[in-house]
Each structure stands twice: as structure tokens, then as C-alpha cells.
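Have a look at the structure first, then we'll go through it.

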Amino acid sequence: MRRQIIEEKIFKALMIASLATVFLALLAIIAIIVARGAKAMSIDMIIKTPEGGYYLGKGGGVANAIVGSLMLTGGASIISLALALPIAFALQREYIPRRIARVTRLALDVLWGTPSIVYGAFGFVIMVYLGIGASLLGGIIALSLLMLPIMTRAMEEIIRMVPMQLKEISYSLGTTRLETTFSVVLRQALPGVCTAAMLAFGRGIGDAASILFTAGYTDYIPHSLLDPAASLPLAVFFQIATPLPAVQDRAYASALILLLVVLLVNLVARLLSARFSRNIIK
Amino acid sequence: MPHISIHNLNVFYGKQPALRDITVDIPDRKITAIIGPSGCGKTTLLKSLNRLTDLYDEVGTNGHVLIDGDDINGPKANVLELRKKLGYLSQRPFPLPMSIYDNITFGPRIHRMKRLKSLSRLGDFIRLHQVENFDLEQALEEGKRKKNGASDLLVEFYLRLAGLWDEVKDRLSAPASRLSIGQQQRLALARTLAVEPEIILADEPTSALDPLSATLIERQFQALKQNYSIIIVTHILRQARRIADYVLFMYLGELVEYGPAEQIFNDPQDPRTQAYLSGEIS
């Protein structure tokens, strides 16, 4: 009896400790980014592109990277969404045999775990084949490759959780697979689909390796798909690599902006998701 | 000719037989109860009538089920028409993930039923039914003045038919999931009736409900049998005694005995039926 109580206490303490570690790590990251980034933070950082001598501590901001990141990740999100949703539906038992679905899931899991630099390298090969240089388009292709497995797999899990009985009800009213899929399953899964898209967006906007070669970097805002595009992760990377403390602080400010963008997009997705949750069956 | 006529029906889950050689005619415009212990194939029999068993690829079927003379498993069978003709109520009611109103109009919209748009057609149809405390002519007059008069009246009519109207008339646009489980089952009944089936299949429709809601459902069934043939699976013997006109007793995948309710309950021939009715097996 005594031993069991002690065991219980030890494990409870371990759980609290690990939970605290997670929170502390998160707080520490935010604290450091805010502490160092706040110094360099200004309106100019957000609305101006780098001016001459920016990387030596002169005026300007990272608007090029903010816009670039949003274009890259936004474009990749649209492409991934257009592909992920049909794949996620196709993986359900009504559409393909379960054995094939299992193999596909495994393949997606492998892709999910593939390091993003590999996608960068692969995207680069495709770009060479298409005859385009480092560009917005190249970056979007590479990021889509990175985001697609994440989005598909997350959506597929959500869609698979839609109860079979609910589908039975829908089919019993004389609906086709397509009608059931769009009018019932998608409605029920919509909040989760939002979350899945968000997960992939967060992963995509923070990734540096896949767009390093494919999107390149530039001090200007891209005007066409074939222009190179800057990005926030790379802005952090390049600025932190300079020897000047003032420019390094700007790296933290850029990281702070990245954090805020992710937070904002998450918030919007939460709101949407809550809206879509109104009618779902629990 | 009876609506439903089953000949030598065998159903397998993989290699495991679930139904063995079932042959029976189901009488029209009566309540037919399928009784028997758990796992005896009652639900499987029910679901093989509207081919919901198709959704499970491990299920195999042979034999013939004739509905209005057509073999539902034959090459010319139209499963969508079949399911429209055979309404289905599940054990646990699942509202569709939409409002109360949309739950009712879902089926008619999918099947593009004319009466969703045309008040006069709807009126002709409703005249065939008896609904308590419902002044149809006045409702039709009111409907003419409204924009969606026909679909509003359709929703009202089916909710009245299912005995739910008075409880939900002020919150038709609320999510259906907010209804109590007993109300959800009556909503499911209304939704099923709205696609205008000729037969109602009900799989233990009251087993998840409180006694009051269960009584309401039973009352609706009693009223509906003037216009519909109803097949109800139940493991509640007393329920079968209360409402059934005709009874099928199943045991281990076999149809042991069937006939008019009085005959089965008062003078069962097979020793297994006697044992079940006396409570020796359950």
C-alpha cells in the first residue's frame, strides 16, 4: 500500500516536471526573442525594405521578407490544400481498398519526416529542369512539397474520425459518395481541416532550408512569380550571421515578426474553426 | 405482391456466416419486428435490405431480396433509388452536421424533389396524410406569402409527422446537435420521412432513448403504419409485444420462426422461440 502511494507521487512529480520544462522552454524562447528583438523593433522594420547599408546597421526593414514569406507560404498553402483535401478523402474506405490506403499513409509519413533541405534540393532539380532560377515559383514548389504530406496526413486523420454511423445515415438517404463526402463528411471535418491547414502553414512559414536555394533572397518585393523572394527565416539567418550586434538584434526582431505572423494566422484559423464547429456532431 | 420478399439470403463477414438462408415475405403496412438475442443477425438482415452492408467491403451476400419485384442485388438495381425507398433509422440517432431545418431539407434537396419548390404539389402530397392539430389550407395560404414557403411548409409537415414540431418550431436554425437524444431520434424520423420512403427500417430505434422519448417514437410508428411498412429490430421483447403486428425470430443467423405477432407470442412452435420468449436464453 505504502509503496503504491510513493510510486504515485513520484510519477505525478515527473509529469509536473516535464510539463514545466515545456512551458519554461517556450517562455525562454519568447523572452529572449522579445528582449533582444524589441530593441531593434520599429515601424520601419515592418513597412520598409532594406536600404543601402542596411546590413551594416543603416536604415530600412524587412518588409521584403514579410511579404515574401506570406507569398511563398500562401501560395504553397493553396497548392497543398488543393491536393491534400482530395487525397485525404481518397484515403477513406469508400474510395480505395484499405491496404492501398495503409501504404499511402506510410509513404506520407516518410515524406513528413524527410528533412526540408532534401525538398530544397529536389525543388532545385525541378527548377533546373523547368529552366527557372531561384524564384517565388521555385520556393512555392519546394514549400508545397514540404507542406503537402503534413496537411494530407493531418486532414486524413481528422476525416477518418468522422463516425461511420454518420456516413451510414447520409447514404441511407440515397446520397452518392460525392454528396456524402461534400455535404456531410466535409462539414463534420471542417474545423479539423482548418487546423490541419494551419499546422502545415506554421511549418511552412518557419522553414528556411527548403527555400534557401529555391526562392533565393532579395532586398526587393517580388513582382512576378519568376522574381526571387525573400523570407523571414532567411532574414533571421542572414542577419544573425553578421558580426554587428545592431544587425543581430534585427535578426531577433525578424524572428519576433515571424512569431507574431504565426500567432495571428493561428488566431484567425481558431476563429474560423470555432465558426465551423457550430453544427458538428460530437 | 408484398413490397419485400426475401429468398435464400446468405450474408458473410469474411468467411463467417452472419445470415443463413433466410426466406420470408414482409407484410405491407404493418409493423414487423425482428427479435432475437444479440449477435443473431437482426441488424445485418435490416442493413442488407437497403444495402448499407455494401459500405463494408468484407461483407459478402448471395441470395435474392426482391423489393417491388426487383432484385436489389441484381445488375440493374439502383442502390440510390433503393435507399430512398427504404428509410433507415439507426440505433443511436445521428443528426447531420447542420441546422434542424437543413436536416429535413437535406434529402429532398439531394433528390431535387419538386415539392421543395412547389406549394401546390406539396399540398397535394400532405393531403394524403393525417396530421393532428394541423390546418393545412391555412398553412398553404401563409406559405404563399413567404419566400421559401414550400420548403418551410415541408419542414413543418415532417416535423409534425414525427411529433417534434412544437418543441423546435422556434429554433429551426439551431444546430441539430443541440437537441436531446430523444428529440434527435424524432428528427431522424422526420429526415427519413422527408425523402418519401415507402418502407421504414429501424434498428433498435429506442435503445438509446429515455422511456418517454421511446414511447413517443412507438406512438409515431403506430400512426405511420397506415402509410408505411415498418420493420423494426428490437431486443426489447415488451416493445415487440406492444407494437408488432408481425414477428421474425432469429437465432444465430437463422430465421427460426415468423408469423403474426399473436401466434409467435402465444403459440410459438420452435423450442428455441419458446426458450427465448420464456427468458431462458436472451
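A word on residue classes before anything else: Ala, Val, Leu, Ile, Met, Phe, Trp, Tyr, Cys and Pro count as nonpolar, Asp, Glu, Lys and Arg as charged, and the others, Gly among them, as polar. By that scheme, the lining of the largest cavity splits into four nonpolar, two polar and two charged residues. Keep in mind that this is a predicted model, where local features need pLDDT of at least 70 and side-chain atom pairs count only at pLDDT 80 or more, while totals for chains, interfaces and linings use all residues. Residues are numbered from 1 along each chain as its sequence is written, chains are lettered from A and ligands numbered from 1 in the order in which they are written, and side-chain values use heavy atoms, with hydrogens and water left out.

**Chain A at a glance**

- The C-alpha atoms of chain A fill a box of roughly 70 × 65 × 35 Å along the principal axes.

**Where the chains meet**

- With contact meaning heavy atoms within 4.5 Å, 25 residues of chain A touch 31 residues of chain B.
- The buried area between chain A and chain B is about 2,600 Å², with carbon and sulfur atoms giving 62% of it; this is the accessible area (1.4 Å probe) that two parts lose on being put together, summed over both.
- A:E168, A:I169 and A:L173 supply 25% of the area that chain A buries against chain B, more than any other three residues.
- Three salt bridges link chain A and chain B, each a side-chain nitrogen of Lys or Arg within 4 Å of a carboxyl oxygen of Asp or Glu.
- One of them pairs B:K47 with A:E168, whose closest N and O atoms are 2.9 Å apart.
- On the side of chain A that touches chain B, the elements giving two or more residues are α7 (164-172) and α8 (177-205) of chain A.
- α7(A) gives the most to that side, with eight residues.
- By class, that side of chain A has nine nonpolar, nine polar and seven charged residues.

**Cavity and pockets**

- The search runs on a 1 Å grid over the protein atoms alone: a cavity is a set of points where a 1.4 Å probe fits but cannot get out, a pocket is an open set with protein on both sides within 12 Å along at least five of seven lines, and lining residues have an atom within 4 Å of a point.
- Grid points are joined across faces, edges and corners, and a volume is the space filled by probe spheres set on the points.
- There is one cavity of 30 Å³ or more, and the largest cavity holds about 40 Å³.
- Its lining is A:F89, A:Q92, A:E94, A:Y95, A:I159, A:K167, A:T181 and A:V185.
- The largest pocket has a volume of about 600 Å³, and B:V131, B:E132, B:R160, B:L161 and B:Q220 lie nearest its centre among 21 lining residues.
- α9(B) gives the most to the lining of the largest pocket, with five residues.
- That lining has nine nonpolar, seven polar and five charged residues.
- α8(A) provides the largest share of the lining of the second largest pocket, six residues.

Technical notes. Helix = DSSP H or I, 4+ residues; strand = E, 2+ residues; numbered from the N terminus.
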